[in-house]
Amino acid sequence: MSFDLESLVEARRGLNFKLHQEFLNPQLAKVLKTLGMDRYYERGEGCYLIDREGERYLDFLSGFGVYALGRSHPVVKKALHDALDMDLPNLVQLDCALLPGLLAEALVGRLHEGIGRVFFSNSGAEAVEAAIKFSKYATGRPRVLYADHAFHGLTNGVLSLNGGKEFREGFGPLLPGCDSVGFGDLAALERELARGDVAAFVVELIQGKGVYLAPEEYWTAAEQLCRKHGTLFVADEVQTGLGRTGKMWAYEHYGLRPDIVTVSKALSGGYVPIGATACSAEVFDRVYSKMERAVVHSTTFGRNQLAMVAGLATLQTIDDEDIVERARLSGEAFEKALTPLVDKYELFHEVRGKGLMIGLVFGEPSSLRLKSRWKMLEGARKGLFSQLIVGPLFNRHRILTQVAADNVNIVKLLPPLICGQEEIDYFVDALDDVLNDAHRNSSLVFEFGKTLAKSALHR
Ligand SMILES: Cc1ncc(COP(=O)(O)O)c(C=O)c1O
């Protein structure tokens with residue numbers, strides 16, 4: 001019998017968690033079951049996931065940001081169907097194919113004029129790995145700086161730039177010469193740069209883990225310091241890029257001109273893995289300096305045609321549908337709708353972020369009644385309260401969100417950039433309901449927290 005995807009899926013539907021428990025990651029399956037998130041999703045459409053019972057879930061996680069255009073975007077889908085039907089000669093390797101050229105041209109055209117060349121890979125981590133290698137080679141220097149709380153992926157090299165010890169522990173020794181500086185701390189940055197041996201300062205313009213922002217005035221000064229000390233300024237735009245923050249690139253908020261920009265996530269519409277390391281021609285040409293070095297850094301699937309097609313279709317759709325401006329406007333609408341809840345609920349402290357990269361910050365309440373419960377919960381497991389928001393948002397209101405990082409009470413929203421007032425209103429009403437419950441029927445909510453704390457959540 002020949003392979004038939006539809007009948008295979010039909011025959012095995014609903015067995016997803018069982019298979020993961022047996023053959024993939026049983027701990028992940030356990031965590032999701034504990035949180036009541038063990039669903040069988042059958043389809044994805046725009047801002048929504050649809051499960052086997054036909055229930056719709058508002059997806060404010062967007063596959064960690066890849067679904068900027070929403071799920072199953074018809075333009076990207078058609079482009080991929082077309083590419084398959086054209087029997088494109090993929091991965092010839094000893095070839096300079098047209099589509100990578102077109103996508104590189106399209107990317108360069110959307111970046112600042114100091115950027116001239118692109119290296120394609122398969123993920124955000126790989127895009128940053130290339131940035132590390134390029135920086136070291138181009139400057140002839142050994143060290144790389146990164147910021148506290150930074151997240152640039154989890155392969156061995158970029159793990160060396162990871163600001164969270166929960167990810168690093170037990171995987172050492174990591175790359176030598178990688179040192180952290182406080183996010184937004186100019187004095188610390190200058191101290192390290194002044195040693196004259198730093199190849200690159202790799203930094204997110206808005207940190208994904210926790211949605212942290214540095215002071216506005218930090219950025220120009222940080223970039224200037226890098227220039228002054230001969231260090232490359234690397235903007236990791238894997239998450240913030242392509243409209244997420246209400247500008248095409250987050251560096252535009254601060255008028256910066258990074259030497260290297262890393263891109264991934266939204267670039268291929270969520271269909272095909274892709275990573276891109278965009279750099280100045282000067283940096284690139286130092287690395288690929290002569291014919292003998294033409295493949296000194298490469299990866300087998302890097303310029304694969306399906307990723308290139310999806311990338312081209314995505315970039316054009318971002319323009320055609322005015323996605324960046326829509327993200328900016330929706331970001332403002334979110335802020336306007338969420339701010340009254342900060343005034344209304346003592347456990348809700350702050351809304352922060354830019355565009356549609358939003359952090360909801362929860363913290364210690366002021367009233368005695370809630371304070372003792374809060375302390376009990378924080379004592380059981382730091383950051384547990386945010387789980388008490390994410391859980392009911394999902395189970396009661398069918399909205400998918402995430403806790404922004406380990407041990408913090410911050411919930412992160414990464415909605416598709418196509419979301420509009422309807423989705424914003426639905427979310428804000430749901431959050432109002434969940435917070436109302438946490439304040440009014442706090443014993444119930446906090447009891448649930450205790451149960452979670454005792455359960456398998458400890459990984
Ligand atoms: C800023 C940033 N850089 C790099 C990465 C790593 O990307 P990937 O998971 O595709 O390796 C991420 C992933 O979340 C990220 O947010």
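Colleague: Why does Ala222 count as buried?

Modeller: Ala222 has 24 C-beta neighbours inside 10 Å, and the cut-off for buried is 20 or more, so Ala222 is buried. Bear in mind that this is a predicted model.

Colleague: Where is Ala222 found, and what does Ala222 touch?

Modeller: Ala222 sits in helix α11, residues 218–228. Leaving out residues up to four places away in sequence, Ala222 touches Leu186 and Leu189.

Colleague: How do you know that the span of α17 agrees with what a helix should give?

Modeller: Helix α17 runs over residues 421–440, which is 20 residues. At 1.5 Å a residue that should span 28 Å, and the end C-alpha atoms are 28 Å apart, so the two agree.

Colleague: Which residues of α17 are buried, and what makes them line one face?

Modeller: The buried ones are Glu423, Phe427, Leu431, Val434, Leu435 and Ala438. Looking down the axis of α17, they fall within an arc of 95 degrees, so they line one face of the helix. On the other side, Gln421, Glu422, Asp425, Asp429 and Arg440 are exposed.

Colleague: What makes up the shell around the ligand, by class?

Modeller: Five nonpolar, seven polar and two charged residues. Of the 14 residues there, Ser123, Gly124, Ala125, Gly153 and Val238 come nearest.

Colleague: And which helix gives the most to that shell?

Modeller: Helix α7, residues 124–139, with three residues.

Notes: Residues numbered from 1 in each chain as written. Predicted model: local features only at pLDDT ≥ 70, side-chain atom pairs only at ≥ 80, totals over all residues. Helix = DSSP H or I, 4+ residues; strand = E, 2+ residues; numbered from the N terminus. Expected span 1.5 Å × (residues − 1). Buried ≥ 20, exposed ≤ 12 C-beta atoms within 10 Å, placed from the backbone. Arc of directions from axis to C-beta. Near = placed C-beta within 6 Å. Nonpolar A, V, L, I, M, F, W, Y, C, P; charged D, E, K, R; others polar. Contact = placed C-beta atoms within 7 Å.
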